[in-house]
Amino acid sequence: MVILVWSMGWTLLILLVVLTVVHGNPTVMVRTGSGPTVGFDQHPNSVPLGEDIQTTTEGESEVVEEVMTTGVLNPSHYPARRAATVVQHYLNTRYGSPYRWIFLSTVHSGSAEEVAEMGRKYQLALTMQEMISNVSGQCSAELFFPGGEGQSAPQVQASCEGLHQSNTTAQEEAFYQQHRTSNNLASGNNIPDSYGHVEPSMKPFWHLGGVASSFIMLRESNESTLYNMAQVANFTQLETEKDQLRFNYHVLLHEMISQEIIHWKLLVTWSPEQGVQVLQTELQPKCHHCEAPPNTTN
Amino acid sequence: MMMLGLGSVGLVLLSLAVQSGHGAQDSAVWSREETTERNYYTRYHNMSEITAWMEQMKRENPDVVSSMVYGQTYERRNITLLKIGLRSTERKKAIWMDCGIHAREWITPAFCQFFVKEILRTYKTDTKVNEMMKNLDFYITPVLNVDGYIYSWHNESTRLWRKSRSPGTGGCTCYGTDLNRNFYANWGMVGVSTDCCNLFYCGTKALSESEAWAVTDMLGKMREDILAFLTIHSYGQQLLVPYGHPNTTAPNHDELMEVGLGAAMAIKAVHGMDYTVGTSPDILYPFSGSSQDFARLIGIPLSFTFELRDKGEHGFELPEDQIQPTCEEAYAGAQHIITYTHDKAFYSYAATVTATLWTTLLAAWVSSAILL
């Protein structure tokens, strides 16, 4: 009887050792190297979820973590991100060129407050990146979204360190001289194309379209929008006037919150001294009847 | 002598000509058929290429790959998934992944193709992938919104199409329903429109779209077996956790966030790209009727929406030279989630068995001690 128990015990022990070795320590979950063993606070995007209330039964609704739209903003949440994108548009209107195109890289911190019946004010600390030279800069910005009925553009103030380091003077000058005389007026379409491709010779015109679009995107932005330029549908260079290169642009803007593609036509001028100016803008109607017939075969 | 010399020169020239012609023909054949070649996965492919590729994956890996037509689109095209895993007589747990639910997000079918290619390439040599292929079946739909995807390839003016291609009703003349608003998950409540011209049109009712119905049907049949549900979108560089519907928290929200943040770290480790993690109402916008919400609601514990590159510079028209790095980082993120989900299911089981045996052993020793 005793022998039986002993042999059973040994069998079990051997079995256990084998199991443990093969499948891991029974008290600790085995994880791969990239497993979630690192705590929340080591990830740049993580924020303590202190205000959560956990539901215990599946599918039940409970009011939990509300997005803070006033006070200290969570840099990962949408209010700071939308406001930061407005700053991006502003910086492009001020500093953008065929060789300088700025994009939001990171939101570090932000805060927002109501301004008594007039609107809402944001303060942000951001990193912006100039896409052509890959130079990054730290920026601090203040925005004011006017409240009330009218569609009034946001007001932005921003100062950045390090963004203008990229020396674009030589390239801009060469581009300007090349296209200034009206022998061969430039034009292009579908930039980028369906495959995301941009011909090298078209890149400065693509950047210029993006910068020009920033004027519209800045003007049209509010706390419920997030704009990017989706594509330059086409552009045509016009005769140089008053030493300014001049272009007609047809751009497609992607507004993320509605997912709409919005068509605009712009009259754009540029020179190294004057920078980018947008003289005219014209919203194009959404073309429902422009759809291909339904029997599209592949 | 001279004739001989001329003849030999002629022969050499002739053979060179034949060789170059043959070589040219060879390379044409090579580029058309050699879809395991690396540069296949660095280009976008239209629907017939993807269909041919699915057939090829089955042909080349008959012991681990099969396909399943699980529905029809509005225009009566097949909705097909690849089922990938080591064959087993027992019922297996599953991972669900779908791409191309929104037509213009071309990087997403490219990612599904890359994912399939990678697990097939590594499962024989990588012990972890092999283990997962043994214990799990991967159900991967490279293009869910087939009609919309084909439409977006039609010409430049259709490239940015998003929705399905079902016609509007009741006097509304626009086409398409947003498939990711059409699921039976708080359908029609938030972040939707009843205007059929709107990009968020949620349809005449939940599951009005056959594409959404097909997914719902499959998930319903498999719900006890699916460990993780991954739906792939672009752009924005985000990992969304349930629920898109606001003021609703998943019961395992903390776990979802932890796994999501781990996946984002894995992504960043590949090429340095930042992916933000959170619920859609927090980091993007609130919306209901999504496939992710539906998956979580029927009990699939890990349900993630991937928003791949970029952050707006190219948007939907991501350059082909970014396909590979984007897929590499997304693969690392997906693998993080899948590995977590696999280990939780299979090591927990072993842990239970082991714990039971320890208890039995202890009982045996105690009883033998008493007897002695």
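This report walks through an annotated glutamate and the cysteines of a predicted model.

## The annotated glutamate

Let's start with B:E307, which carries the "active site" feature in an unreviewed UniProt entry. B:E307 sits in strand β8 of chain B, a stretch covering residues 302–308. Its relative accessible area is 10%, and the cut-off for buried is under 20%, so B:E307 counts as buried.

What does B:E307 touch, once its neighbours within four places in sequence are set aside? The contacts are B:H233, B:S234, B:Y235, B:G236, B:Q237, B:Q238, B:L240 and B:Y275. For B:S234 there is a polar detail to look at: its backbone nitrogen lies 3.4 Å from a polar atom of the B:E307 side chain.

## The disulfide in strands of chain A

Over all chains, the count comes to four disulfides. One of them joins A:C139 and A:C160, with the sulfur atoms 2.1 Å apart. This link ties together distant parts of the chain: A:C139 is in strand β4 (residues 136–146) of chain A and A:C160 is in strand β5 (residues 155–161), 21 residues apart.

The A:C139 and A:C160 link is right-handed, with 110° about the S-S bond. Both cysteines are buried.

## Two disulfides in a chain B loop

Now for the loop between α5 (146–152) and α6 (210–222) of chain B, where B:C172 and B:C196 both sit, 24 residues apart. These two form a disulfide with sulfur atoms 2.0 Å apart. The torsion about their S-S bond is about -95°, so this disulfide is left-handed. B:C196 has 2% relative accessibility and therefore counts as buried.

B:C174 and B:C197 also form a disulfide, again with the sulfur atoms 2.0 Å apart. Both are in the loop between α5 and α6 of chain B, 23 residues apart. Here the torsion is about 80°, so the B:C174 and B:C197 disulfide is right-handed. B:C174 is buried at a relative accessible area of 3%, and B:C197 counts as buried at 16%.

How do the bonded cysteines of chain B pair up when numbered in sequence order? The pattern is 1-2, 3-5, 4-6.

B:C202 is in no disulfide, and its nearest cysteine sulfur, that of B:C196, is 11 Å away. B:C202 is buried, with a relative accessible area of 2%. B:C327 is in no disulfide either; the nearest cysteine sulfur there belongs to B:C99, 8.9 Å away. B:C327 is buried too, at a relative accessible area of 0%.

Notes: Residues numbered from 1 in each chain as written. Chains lettered and ligands numbered in written order. Predicted model: local features only at pLDDT ≥ 70, side-chain atom pairs only at ≥ 80, totals over all residues. Heavy atoms only, no water. UniProt positions renumbered as here; feature names shortened; annotations may be inferred. Helix = DSSP H or I, 4+ residues; strand = E, 2+ residues; numbered from the N terminus. Buried < 20%, exposed > 50% of the residue type's maximum accessible area, 1.4 Å probe, protein only. Contact = heavy atoms within 4.5 Å. Polar contact = N/O pair within 3.5 Å; in protein donor to acceptor, adjacent residues only side chain to side chain. Disulfide = S-S within 2.5 Å.
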